[in-house]
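Here is a short report on aromatic contacts.

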Amino acid sequence: MKLVAVLMIRFVIDWISPTASEEQVFNLINAYRVKNGKPALTYSDSLSRVAKTHAVDLYEHFNYNDKSCNLHSWSKSAKWTGGCIQESSPKEDWKIMWSKPLEIAGINKPGFEISSMYDPKDTESNPDEVVNGWIQSPGHRNCILEMGWNRKFKQMGVGVYKGVTTVWFTE
């Protein structure tokens, strides 16, 4: 019984406190923002809960080889609005992503995220590789730096689960 209690406490602590990988992703993104004239963002426990939930959901339900949905998608198997998002999806479908901070953490602001998944997804995420990959991708870089966005991010949350990394931003 003691072992179960210890494991439960450790699980809760992992969901409350950032892991070393999550801290590294957070610091690398903020360093890149500052280097490019943007302010550093504050860490949000609530937004990190959204990011961690998304990372687990992607790990459990996303098929890396099925290109019909992208990493902004959410499963329909939990207590949130799920659905498949594609690059060509109409704008109203993207609300599936934008609404997650409110649905999961009670944050009454739209959320924007970037995600990465290794193939195979059981491979542990490498924060340097993940962030460098995002910096090399114009769409991800533009999100990190708010380039071409009518948004001014103030907070960031990070979730890493095995080979999946998600970062959520909000105003």
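A search of the whole structure finds nine aromatic pairs. Rings of Phe, Tyr and Trp (its six-membered ring) pair if their centres lie within 6.5 Å; planes under 30 degrees apart are stacked, over 60 edge-to-face, and the rest tilted. The model is predicted: local features need pLDDT of at least 70, side-chain atom pairs count only at pLDDT 80 or more, and totals for chains, interfaces and linings use all residues. Residues are numbered from 1 along each chain as its sequence is written, and side-chain values use heavy atoms, without hydrogens and water.

Two of the pairs involve phenylalanine 153.

| Pair | Centre to centre | Angle between planes | Class |
|---|---|---|---|
| Phenylalanine 112 and phenylalanine 153 | 5.9 Å | 40° | tilted |
| Phenylalanine 153 and phenylalanine 169 | 5.0 Å | 15° | stacked |

Phenylalanine 112 lies in strand E2 (residues 112-117), and phenylalanine 153 in the loop between helix H7 (138-145) and strand E3 (155-161), so their pair ties together parts 41 residues apart in sequence. Phenylalanine 169 lies in strand E4 (residues 164-170), so its pair with phenylalanine 153 ties together parts 16 residues apart in sequence. Helices (H or I, at least four residues) and strands (E, at least two) are DSSP runs, numbered from the N terminus.

Buried means under 20% relative accessible area, exposed over 50%, partly exposed in between (1.4 Å probe, protein chains only). Phenylalanine 153 has 4% relative accessibility. Phenylalanine 169 is buried at 0%.

Ring pairs link Trp98, Phe112, Trp149, Phe153 and Phe169 into a cluster.

Elsewhere, a charge meets a ring. The charged end of lysine 100 sits over the ring of tryptophan 74, 5.4 Å from its centre (NZ of Lys or CZ of Arg within 6 Å of the ring centre and within 35 degrees of the ring normal).
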